[in-house]
Each structure stands twice: as C-alpha cells, then as structure tokens.
Amino acid sequence: MEWIKGKPGGTIFQRKSGGNVNAYNVVFNSVEPKITKYFSFKTYESSEKALEAAKKYQIEKSLELKLTRNMY
C-alpha cells in the first residue's frame, strides 16, 4: 500500500489589503495559542509562489502539530 499524505489541518485563504489581494494566510485555529502565518506576494515574487510556500508550510506544520487526518 502506498503512503497517502492525508488532509492537513489548518486553513489557507487570500488576504486583502487596500482592496487588493496581496498575500495568503495560513491559520491553525484548533491549537492554543492560534497560529497564523502570512505569505506576501512581494516576498515570494508572485501569487503562485506564495501559494506554493503557504501549502508547504500548512502541510509541514500540520504534521508537526499532529493535525493531519486520513494518513495511511
């Protein structure tokens, strides 16, 4: 059987400032204190690279916090 990564905990959403979408936000509400991290388009050069970095962070942090579900 192949290992399946499962579904990471937390949420990724687009962050708006001044009416423009300019970052992705990763949030873990199910832990105390709540964990939030921002991935700015400027820092990552594009929205695609920021989203890729946000997804990577969500997966790694979810595994670290043992919030990933349906792992085989």
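Which residue just after helix 2 takes a positive phi? I looked there and found Lys66, with a phi of about 60°.

**Ground rules.** I am working on a predicted model, in which local features need pLDDT of at least 70, side-chain atom pairs count only at pLDDT 80 or more, and totals for chains, interfaces and linings use all residues. I number residues from 1 along each chain as its sequence is written, and side-chain values use heavy atoms, with hydrogens and water left out. For helices (H or I, at least four residues) and strands (E, at least two) I take DSSP runs, numbered from the N terminus.

I looked up the strand order and found an open sheet of three strands, 1-2-3, with antiparallel pairing. Two strands pair if DSSP finds at least two bridges between them. Strand 1 and strand 3 are the edge strands, each pairing on one side only. Direction ignored, neighbouring strands of this sheet are turned by 30° against each other on average. I note that axes are lines fitted to C-alpha atoms, for helices over the stretch in contact, and that angles run from 0 to 180 degrees between N-to-C directions.

**Hairpins.** Strand 1 (residues 11-17) is joined to strand 2 by seven bridges, and Lys16 stands opposite Val21 in strand 2. These two strands form a hairpin with two residues between them, and Gly18 in the turn has a positive phi of about 65°. I counted six bridges from strand 2 to strand 3; there, Val26 has Lys37 in strand 3 as its bridge partner. This second hairpin has six residues between its strands.

**Helix 2.** I checked the span of helix 2: its 18 residues reach 26 Å from first C-alpha to last, close to the 26 Å expected at 1.5 Å a residue. The expected span is 1.5 Å times one less than the number of residues. Its buried residues (under 20% relative accessible area; exposed is over 50%, partly exposed in between, 1.4 Å probe, protein chains only) are Ala50, Ala53, Ala54, Tyr57, Gln58, Lys61 and Ser62. Seen down the helix axis, they fall within an arc of 160°, so they line one face; the arc is that of the directions from the helix axis to the C-beta atoms. Glu48, Glu52 and Lys56 are exposed on the face turned away from the buried side.

What covers the buried residues of helix 2? I found that the cover includes strand 1, strand 2, strand 3 and helix 1, contact meaning heavy atoms within 4.5 Å.

**Aromatic pairs.** Rings of Phe, Tyr and Trp (its six-membered ring) pair if their centres lie within 6.5 Å; planes under 30 degrees apart count as stacked, over 60 as edge-to-face and the rest as tilted. By this rule I get three aromatic pairs. Tyr24 and Phe41 have ring centres 5.5 Å apart and planes at 50°, so I list the pair as tilted. Tyr24 is in strand 2 (residues 20-28) and Phe41 in helix 1 (residues 41-44), so the pair ties together parts 17 residues apart in sequence. Both Tyr24 and Phe41 are buried.

Phe39 and Tyr57 also form a tilted pair, at 5.7 Å centre to centre and 55° between the planes. Phe39 lies in strand 3 (residues 35-40) and Tyr57 in helix 2 (residues 47-64), 18 residues apart. Phe39 and Tyr57 are both buried. I put Phe39, Tyr44 and Tyr57 down as one aromatic cluster.

**Met71.** I found Met71 in the segment after helix 2, partly exposed at a relative accessible area of 37%. Its C-alpha is separated by 4.4 Å from that of Gly6, 65 residues apart along the chain.
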